[in-house]
Amino acid sequence: MYSSRRIKDRLFIAFIASVSILSLVPLFHIMIAIAVNGVQVIAKAGLRFFTDTPPAPLSRDVGGIAPALFGSFYITLVSLPITVVLALLASILSTEFPSNIISRAVDVLSRSLASVPTIVVSMVVYTTVVVPMRGFSALAGVIALSLISLPYAYTAFSTALRSVPQIYREAAYSIGMDRWRTVRRVLLPVSRRIIVTGILMVFARAMGETAALLFTVGRYRMGINIDIRAPTDAIPLLIFDFITTPFKLYQEIAWGAALVLLAAYLAIFVSVKVAVKEVRL
Amino acid sequence: MFKSKHDRLFFISLLPTSITIIGLLILFLIILVFHASTSIGVFGLKLFIESIWNPENEMYGILPPIIGTFIASGIAVAVSLFFSIPLSVFTVEFIRGRTRELVSSLIELMSGIPTVIYAIWSLNTLAPYLKTYVMEPLYEYLSFIPLFSCKPVTGLSVFTAGIAIGIAITPYMAMLIAESYRSIPIVYREGCLSIGATRYETTKILLSLSKPAIVASTVLGFARAAGETTIAAVTVGNSMSLSWCLFAPSYTVPAIIASQYANAGLYVYAESVLHASAMVILIATLILSFIGLKILDEWRRRVVV
């Protein structure tokens, strides 16, 4: 004997469950599509996919994505410390000295940076760095990446610092520590795992950023440049460029590069999850 | 406010980096407004109400990308709401323990996937699928409705961009909605259950309680969709046209910047026009995020206490 209320309830649960499952389908479809297409390309190219430069559009050889691979790591690794230092100091300021106008301004502005479209960051860096330097450069890319990852790092760090219970601070003050020592000896060590996972997520985000690099790093695909004033390339940029070309070979390379990018992202994500789990124990 | 000289020194030593951040954002706005003002000064309001992109003759009107951005973001938010509300109810209300942990991890995983990965998938998988199974049937049977009145030729259109962006922002919105849904005090849920409400009725009441939070998430999602570049540039079709039809290739502001900015330096005003369009979107997203965060804060203070 089912009342209409009971039936409605059942239908509702069925609806919620099926839409929820449906909403996660794209995730699996994306991963499978990238894996299937990417593995074929990388298998065809072999290890040279990681050591070669991209071929001419009509050649038979798949070539590789070495310049983009190097460039991605290069600019992300250089921008990361800049982001981390700026965001960490800003988040210490706004969590430890919360009640003054500068802290509040820093808090609001750092968070509103997140709503600036990344392509706008790219345009502004283009006019302020690329134009005066008379050319694209890894440095411009580094600056753009630092700018876009700053709000994420700031949010991660201030969440980490706020997650430390107030009694730790009080205990430190009660034995006569000043705020600097409290931050350095108590707060940072206590929240260090969360901070490290925050840094990893910021790294993942910066690594996958495309729009901020469009008008900054240039698209130097002939080789590897160590000089920070010289143009370089990045994996997301290469994918973006190659999927919009009409050449079949370039589209294949884009799939391979997408697999590399996705695999790197998954690796970081899984290690973050493992690290967070250890915190709970 | 400072207990000792050390504290003051510490505070002062934190200032330079913080002022750098504040300065950067102000510098940002100044540069953008400065560059945009050249073209706004020359073309006036006409720039925003006409539809023309002809840099060779220095004629510009950026209405189509602006409208395209709003339509694509509107579709994206609608798609995303359809998925993210059930998804957040599902994770908070219907599953427990390990399953919930797994599903929330998957949502988190999905939200962090680089947008260029969504772009390559949308272009090669989603667009052809939408063209064959959604756009063509709609055109065939409902073409008397102006929105569906043109034949989908390539499968790349505002409609495709909207759906693709909608899928990409679903995890973000689901996390926002789930967070506010979870923060509703347990007394409301207990109250519902104590008068014998079914889960459907409980959820309905809790959802109506969190309506302001859902509105705020929608506004924030809209802001994010409007700034989305990679997916839009690949799926929107890149064509300067203004029509009622959702299936015609069009532009969004980030898409036109992505495709035209590199060559804009060759012409006198093109760069400035693109800065003007970027300024429109930047102001829109800043205002929207501000409103969204404000509604969310107020709601928290009122309901969560």
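Predicted model: local features only at pLDDT ≥ 70, side-chain atom pairs only at ≥ 80, totals over all residues.
Residues are numbered from 1 along each chain as its sequence is written, and chains are lettered from A and ligands numbered from 1 in the order in which they are written.

Which residues of α3(A) are buried? They are Ser103(A), Val106(A) and Ser110(A). Buried means that 20 or more other C-beta atoms lie within 10 Å of the residue's own, exposed means 12 or fewer, and partly exposed is in between, with C-beta atoms placed from the backbone. Looking down the axis of α3(A), the buried residues fall within an arc of 60 degrees, so they line one face of the helix; the arc is taken from the directions from the helix axis to the C-beta atoms. On the other side of α3(A), Ile101(A) and Arg104(A) are exposed.

What do those buried residues pack against? Their partners are α2 (66-96) and α5 (138-162) of chain A, plus α1 (5-43) of chain B.

That brings us to where the chains meet: 61 residues of chain B are in contact with 64 of chain A, contact being C-beta atoms, placed from the backbone, within 7 Å. On the chain B side, α1(B) gives the largest share, 16 residues. By class, that side has 41 nonpolar, 18 polar and two charged residues. Here Ala, Val, Leu, Ile, Met, Phe, Trp, Tyr, Cys and Pro count as nonpolar, Asp, Glu, Lys and Arg as charged, and the others, Gly among them, as polar.

Back in chain A, an unreviewed UniProt entry lists transmembrane regions, including residues 113-131 and 137-157. UniProt positions follow the numbering used here, feature names are shortened, and annotations may be inferred rather than shown by experiment. Residues 113-131 of chain A are 74% helix and 0% strand, with end C-alpha atoms 23 Å apart. For residues 137-157 of chain A, the figures are 95% helix, 0% strand and 29 Å.

Key
Helix = DSSP H or I, 4+ residues; strand = E, 2+ residues; numbered from the N terminus. Contact = placed C-beta atoms within 7 Å.
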